[in-house]
Amino acid sequence: MTIDTGRPVHAGAPDRFNLAVQLIQPDGQRVHHPDFSSLVADVGPEQLLDLYEDLVVTRRIDHEATALQRQGELVLWASYEGQEAAQVGSVRALHPDDYLFITYRESAVAHCRGVDPARMMRLWRGVGKAGWDPDELHMTNPAIIIGAQTLHATGYALGTQLDGATTATVAYFGDGATSEGDVSEALVFAASWDAPVIFFCQNNQFAISEPVRLQTPTPIAQRALGFGIPSVRVDGNDALAVLAVTRWAAARAYEGSGPTFIEAVTYRMGPHTTSDDPTRYRVAAETELWKARDPIDRVRRLLEREGRLDDAAVRRVQASADHTAARLRDAARSLPVPEPLSLFDNVYVDPHPLVDDEREQYRRYLARWEEVGS
């Protein structure tokens with residue numbers, strides 16, 4: 001679901017870059033922000049309910065996929081519980097023509113972009129190197145190499161600029177990626193060429209087990225200012241604030257004002273992946289503190305305060321989540337096991353002698369094992 005915002009011609013740059021923008025408090029009360037409240041003035045009760053549904057459904061996807069991995073149905077899963085507002089709020093601010101470069105944790109973004117559960121699970125079940133055609137959805141498949149997609153996004157954004165297209169390109173990444181050289185190179189390149197790219201950093205407080213305070217003593221958003229890129233910190237557990245800030249950044253891209261950096265301050269409630277044990281490096285008190293800032297509860301409380309969440313709406317949202325979870329489970333279990341030699345398909349666009357040689361070596365290896373087995 002996407003709020004149709006059109007393409008704003010201009011949005012003034014705020015002068016409060018170092019403050020985290022917030023439009024909904026954890027208890028559900030609205031907060032007025034002089035720079036950003038007007039950017040979501042069109043979000044009425046129905047749109048807010050749709051936003052709430054996306055948050056609930058995407059969390060259910062995360063829980064269902066985690067359960068599937070624990071049951072041996074998936075090889076791995078990168079949980080994003082607690083980060084739903086950052087992902088849903090940002091992607092709903094974008095136009096279908098805007099191009100997204102995502103990491104392995106943006107499954108909520110993928111859902112809101114229209115990725116079918118079966119396609120989403122291919123990578124995590126280990127039956128495919130990718131899940132969907134990037135050109136179909138204007139979104140890349142998940143990037144595993146930390147920070148590399150920021151360079152790809154910057155190059156793509158420059159290409160759209162040279163083509164005269166009025167679009168934004170978004171690079172999603174985590175706080176840990178900001179310590180990678182690729183991200184710094186992307187920021188330099190984007191600033192030098194005024195590339196219409198949005199650097200969207202989900203600061204979930206931990207790069208696997210390393211807390212963000214060990215990477216930087218100052219807000220991550222301030223790093224972008226050093227490259228000459230306007231930046232803003234936003235409460236990443238506030239879906240409405242994330243929506244507003246991303247609209248502002250997209251407007252800058254559409255009008256040719258160059259790159260923007262967004263730091264969405266949030267928290268990863270679960271493990272880095274299902275192979276991780278966060279209790280080894282996190283204390284329970286910290287997790288409980290962030291649980292009180294839950295992004296779904298925040299929107300639910302706002303709807304309740306404004307009398308917009310009745311029993312019928314709750315049942316509808318729950319039914320949508322149940323339906324999506326059932327489709328995801330059925331899809332994951334029914335994915336066909338690929339032929340072993342298909343591993344070498346789609347490595348390069350054109351035939352390559354090295355790949356051909358490796359395919360032939362693997363074919364002989366498999367044939368030997370078949371002989372041994374028989």
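The sulfur of Cys201 lies 19 Å from the closest cysteine sulfur, that of Cys112, which is too far for a bond. In this predicted model, local features are reported at pLDDT of at least 70 and side-chain atom pairs only at pLDDT 80 or more, while totals for chains, interfaces and linings use all residues. Residues are numbered from 1 along each chain as its sequence is written, and side-chain values use heavy atoms, with hydrogens and water left out. The count of disulfides (pairs of cysteine sulfur atoms within 2.5 Å) is 0. Cys112, accordingly, is in no disulfide. Cys112 is buried at 9%, and Cys201 is buried at 0%.

Helices (H or I, at least four residues) and strands (E, at least two) are DSSP runs, numbered from the N terminus.

Strand 7 has two partners to describe, with pairing taken to require at least two DSSP bridges between the strands. With strand 1 (residues 20-21), strand 7 pairs in the parallel sense over 2 bridges, and Val234 is the bridge partner of Val21. With strand 8 (residues 260-265), the pairing is also parallel and runs over 5 bridges; in this pairing Arg233 stands opposite Glu263. From strand 7 the chain passes through helix 9 (residues 239-254) to strand 8, in a β-α-β crossover that is right-handed (with the strands pointing away from the viewer, the path from the first strand over the helix to the second runs clockwise).

Beyond the end of strand 1, His32 sits in the loop between that strand and helix 1 (45-70). His32 is exposed, with a relative accessible area of 65%. Between His32 and Tyr267 there are 235 residues of separation in sequence and 24 Å in space, C-alpha to C-alpha.

Salt bridges, meaning a side-chain nitrogen of Lys or Arg within 4 Å of a carboxyl oxygen of Asp or Glu, number 24 in the structure. One of them joins the side chains of Glu53 and Arg316 at 2.5 Å, N to O. This pair links distant parts of the chain, with Glu53 in helix 1 and Arg316 in helix 12 (residues 311-334), 263 residues apart. Glu53 counts as buried at 7% relative accessibility, whereas Arg316 is partly exposed at 38%.

A further salt bridge brings together Arg125 and Glu73 (3.0 Å, N to O). Arg125 belongs to helix 4 (residues 117-125) and Glu73 to the loop between helix 1 and helix 2 (84-91), so the pair ties together parts that are 52 residues apart in sequence. Arg125 is partly exposed, at 22% relative accessible area.

Asp345 and Arg359 also meet through their side chains, at 3.9 Å, N to O. Asp345 lies in the loop between helix 12 and helix 13 (353-373), and Arg359 lies in helix 13, 14 residues apart. Both ends are partly exposed, Asp345 at 34% and Arg359 at 25%. Finally, a network of salt bridges links Arg60, Glu64, Asp322 and Arg329.

Conventions: Buried means under 20% relative accessible area, exposed over 50%, partly exposed in between (1.4 Å probe, protein chains only).
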